[in-house]
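Hi everyone, thanks for coming. Let me put the structure up on the screen, and then I'll walk you through a few parts of it.

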Amino acid sequence: MKSDNNIPTVPLSRFFKHSLEILKNPLPFHHQNFEEQGDVFRLKIGLKNSVVFVRDAAFAQYVLQKNQKNYTKSKIQTVDLVKYVGTGLLTAEGEHWKKQRKLIQPAFHKKQLANLLDSIKGAIVSEYNKIAPNEVIDIFPILNDLAFQAVVKSLFSSAANQEDINRLQYITEAAQKMLVKELRQPYLGWWFNVSGEIKKHVDLTGEAREILKRIVNERRTSKVKENDLLDMLLDARYEDGNPMEEEQLIDEILILFTAGHETTSNALTFITQLLALHPEWQERILVERNTILSESDDLMDLVTKSKVCQQVIEEGMRLYPPVYFIDRVNKEADAFNGLDFEAGCNLLFSVYEMHRHPKLWDQPDEFLPERFNEGSRKFSSQYFPFGAGPRKCIGNNFAMFEMIIAVSELVSNYKMIPDFESIDITPLITLKPKNALLKFEARS
């Protein structure tokens, strides 16, 4: 199959011409190319290298679900990220991934998550105590700490001390920043190696692994059951009856830190900004919360019955999906909708563009949570905040429950007032907020 003949191509010269603006924010450049070339185009990024960008939701569904066996994740996740987090669910492929997914999936069933809701709420309430009422603050650092603490408390209950938690958070975020440098500036790869920058961050990851091993071993020797995620992972057994080996367990925990906190903190920040711009939805969430709590104080009832809050969260993730690109590489040559793709083609599916495609959404750039009044399943063929298919994020229910509690608690305690003109973004590995400046007025 020949692909250069029928896939619109953006030349290397244009890539170089816009390289500085791409480094800062590639989304406007990609959007212009989509508008000019169509929903699929090839971008030359070297003499021999190219990437195919896609905002065709039907093609995404084909790759992620219908023909997913012919597609694998790209080197970014299967090699570049592995050196910092190991080979866990996010980075594993093939039979190893299937084996791990089957083993870990039960830990994220809704019934199991019910045991974690009190810990999640405790982490949320503790972080909200840092909010200074009636002062303009950047809410992202608070929500970032909140999301990390929620993962830690769900994993370890009270087993990890604050010094360890702070160090683990620092190392996790430092490794992510280093990976962004490597991906955005591949031409400096030689310098990152020669200067010792990569080794420094790999060594930091080694330090995190030692902290985690100590926490795990303390839990094993204590024989105390906390019914947290760590207990579930320690109790999990493969089909042959064996548990995870220690190194694999540490890989999975590092993946939970990496995938489970930054995406949630980003989403919560954008949602908070959207609520500040649309105060009527703050009040609707508050009325819903008070109605639910008047009938039950069960947190599981709150997270499963907060439909208005869920609509707001889903609309927030439509407009600002934390995972704004999904990468895949086809093992064998393939074709879709008249376009041919050679084997080994690097595909980047723009979730950001698909979530704002005018052919898929009415008023695509407007904040309209009511579009989700029948739930997100109505849009399953075009809405991918957690991915799709067999590799859909295993923690999607965990993240939704955490965000519902976080948004509900915030709205019940404060009125949010914007101190920004527009929502700004910083597209790194995930879609990050920028200058999320708000004022919080305490509710009486």
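Predicted model: local features only at pLDDT ≥ 70, side-chain atom pairs only at ≥ 80, totals over all residues.

Residues are numbered from 1 along each chain as its sequence is written, and side-chain values use heavy atoms, with hydrogens and water left out.

Let's begin with an open sheet of 3 strands, in the order β5-β13-β10, with antiparallel pairing. Strands here are DSSP runs of E with at least two residues, helices are runs of H or I with at least four, and both are numbered from the N terminus. Two strands pair if DSSP finds at least two bridges between them. From one strand to the next, the twist averages 45°.

Now the pairings themselves. β10 is joined to β13, residues 437–442, by 5 antiparallel bridges, and here methionine 416 sits opposite phenylalanine 440. Helix α20, residues 396–413, packs on this sheet and touches both β10 and β13, and its direction makes about 95° with that of β10. Contact means heavy atoms within 4.5 Å; angles run from 0 to 180 degrees between N-to-C directions, with axes fitted to C-alpha atoms, for helices over the stretch in contact. Over at β5, the pairing with β13 is antiparallel too, over 3 bridges, and valine 136 has lysine 439 as its bridge partner.

Next, please find strand β2, residues 40–44. Is β2 mostly covered or mostly open? It is mostly covered, with 4 of its 5 residues buried; buried means under 20% relative accessible area, exposed over 50%, and partly exposed in between, using a 1.4 Å probe and protein chains only. β2 pairs in the parallel sense with β1, residues 9–10, over 2 bridges, where valine 10 stands opposite leucine 43. With β3, residues 50–54, β2 runs antiparallel over 5 bridges, and a hairpin of 5 residues joins β2 to β3.

The structure holds 1 cavity of 30 Å³ or more, and about 90 Å³ of space lies in the largest cavity. A cavity is a set of points on a 1 Å grid, over the protein atoms alone, where a 1.4 Å probe fits but cannot get out, and lining residues have an atom within 4 Å of a point. The volume is the space filled by probe spheres set on the points, which are joined across faces, edges and corners. Which helix gives the most to the lining? That is α11, with 4 residues. Among the lining residues are Leu81, Ile171 and Thr258.

Last stop: two loop residues. Most residues other than glycine have a negative phi. Asparagine 337, however, has a positive phi near 55°. Asparagine 337 lies in the loop between β7 (334–336) and β8 (339–341) and is exposed, at 65% relative accessible area. Glutamine 363 also has a positive phi, of about 45°. Glutamine 363 sits between α19 (351–354) and α20, and is exposed at 52%.

Technical notes. 1 Å grid on protein atoms, 1.4 Å probe; cavity = no way out; pocket = protein on both sides within 12 Å on 5 of 7 lines; lining within 4 Å.
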